[in-house]
Amino acid sequence: MATAHAGASSAASLPPLTDGPYRKRLGVVALVATFGGLLFGYDTGVINGALSPMSTELGLTPFTEGVVTASLVFAAAIGAIFGGRLSDAWGRRKTIILLAVLFFAGTLAVVFTPNFDVLVVGRILLGLAVGGASTVVPVFLAELAPFEIRGSLAGRNELAIVIGQLAAFVVNAVIGNVFGNVGGVWRIMFAVCALPAIALFFGMLRMPESPRWLVEKGRRQEALAVLQTVRTSDRAVAELADVETVAREERESHQIGWRAIFSNKNLFRILLVAIGLGVAQQLTGINSIMYYGQTVLTESGFSKDGALIANVAPGVIAVIGGIIALKMMDRLDRRKTFITGLSLTTACHVLIGIASMALPAGNPARPFVILFLVVAFVGSMQTFLNVAVWVYLSEIFPLHMRGFGIGVAVFALWVMNGFLSLYFPSMVAAMGITGTFFLFAAVGALALIFVITQVPESRGRTLEALEEDVTTGAIYAVHKK
């Protein structure tokens with residue numbers, strides 16, 4: 001195995017990144033692939049406003065409401081791990097095309113469901129697609145991106161996710177307030193999802209495969225041809241040589257496939273770090289706000305219709321935060337971003353708890369103060385944590401285990417998401433907003449300690465240099481600051 005120093009020099013030896021037609025090609029590829037993120041966001045966000053009319057029409061109980069919401073999330077956990085494995089074996093591009101079909105099929109099942117049972121089946125199909133997209137799309141973008149702009153390019157998927165969630169909130173607010181008395185209005189909210197699914201399917205038919213995956217499968221000429229469409233010619237040749245060198249060293253040292261994790265303590269450790277980071281992201285409670293934002297705002301004092309409109313504000317700030325995050329991704333270390341984000345979100349949790357305790361129900365200021373703090377929380381989360389976490393998970397694993405590694409990490413992320421989405425209404429009912437957000441604050445403090453002590457740096461390195469340092473364990477000694 002090459003040394004960490006040799007890996008570090010590979011980035012310096014590459015020809016410099018320059019502007020040209022290939023940058024536009026990269027932009028087109030990212031735009032098409034991130035329709036997967038848009039679908040991810042819309043399908044997870046649409047339940048926020050669709051749940052109430054859906055429950056009325058189908059006669060759902062509080063428990064079956066939780067099942068409808070959580071079925072997508074738990075299915076996403078399965079989709080994440082199998083999507084990662086499938087993309088390792090079958091290819092990133094083909095897997096994304098399959099996910100587009102799943103998105104479309106799940107949408108049809110939900111829109112035309114006659115009862116609760118078919119609704120849950122549709123939500124499961126959508127969950128499998130959401131989970132698969134959450135693992136495969138970031139990896140696809142990271143493997144196509146030059147290392148200098150990998151953070152901002154791979155991070156576009158998270159921006160697409162929050163744009164999808166904002167679109168769901170806006171569609172829900174418009175349709176819910178204009179056509180709220182029309183039967184089946186929630187079906188229209190879900191039907192909108194079919195359009196980006198169609199765009200993703202036909203768009204990916206014209207997109208290239210990941211060049212790094214092609215090298216892993218021994219398809220050198222195809223990999224070079226792809227790289228030459230998204231790099232200058234000399235840069236493409238140099239990058240291909242780096243990828244081939246690392247792939248050859250892995251084969252010679254028998255560090256191949258997911259089984260290598262259990263024979264190399266450094267690979268096992270980075271898997272645990274990734275799992276911990278994904279779980280920590282969810283324990284901030286961000287998706288409780290995205291799924292049950294209307295519930296939180298109603299509890300704080302807004303009317304039902306007012307909460308539906310006010311709920312758009314967190315969606316707007318999430319998109320703004322995502323744009324700011326993309327600007328920072330290639331300039332600010334990942335660790336500093338995580339630490340800043342967890343510090344801010346934990347502070348917001350404490351302030352929400354204090355505000356809900358200091359301003360009793362009926363106080364006219366209560367709903368607006370809590371809305372402001374929720375918006376501040378979502379903005380902090382999106383600016384400093386969400387984009388950075390997804391980029392980190394897409395880049396930190398070696399090529400031979402990348403799909404499996406991110407699949408396992410995102411599986412854990414989605415399982416935690418599922419438990420929170422299932423029990424969040426019960427937490428609010430039992431502890432109120434005050435107790436719920438104080439609990440999130442305590443967990444956030446523990447997550448901050450985890451990041452400071454366990455998470456190594458990854459910015460500013462080629463995937464091949466990172467791979468060498470992760471495999472040898474040098475990343476902990478050299479890059480942890």
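Predicted model: local features only at pLDDT ≥ 70, side-chain atom pairs only at ≥ 80, totals over all residues.
Elsewhere, salt bridges with shared partners tie Glu148, Arg212, Arg231, Arg235, Glu239 and Glu464 into one network. The structure holds 15 salt bridges.

Let's look at two further pairs. Arginine 219 and glutamate 222 meet through their side chains in a salt bridge, at 2.9 Å from N to O. Here arginine 219 is partly exposed, with a relative accessible area of 33%, and glutamate 222 is partly exposed at 39%. Arginine 334 and glutamate 395 also form a salt bridge, their closest N and O atoms being 2.9 Å apart. That pair links distant parts of the chain, 61 residues apart, with arginine 334 in helix H19 (residues 334-358) and glutamate 395 in helix H20. Both arginine 334 and glutamate 395 are buried.

Helix H20 leads us to a packing contact. Helix H18 (residues 312-329) packs against helix H20 (residues 366-395) at an angle of about 35°, and their axes are 8 Å apart. The crossing of H18 past H20 is right-handed. On the H18 side, the contact includes Ala313, Ile317, Gly321, Gly322 and Met328, while H20 contributes residues including Leu371, Val375, Gly379, Gln382 and Phe384. What kinds of residues make up the contact of H18 with H20? They divide into 17 nonpolar, five polar and no charged.

Definitions and conventions:
Residues numbered from 1 in each chain as written. Heavy atoms only, no water. Axes fitted to C-alpha atoms, helices over the stretch in contact; angles between N-to-C directions. Helix = DSSP H or I, 4+ residues; strand = E, 2+ residues; numbered from the N terminus. Left-handed = near helix turned anticlockwise from the far one by under 90°. Contact = heavy atoms within 4.5 Å. Nonpolar A, V, L, I, M, F, W, Y, C, P; charged D, E, K, R; others polar. Salt bridge = Lys/Arg side-chain N within 4 Å of Asp/Glu carboxyl O. Buried < 20%, exposed > 50% of the residue type's maximum accessible area, 1.4 Å probe, protein only.
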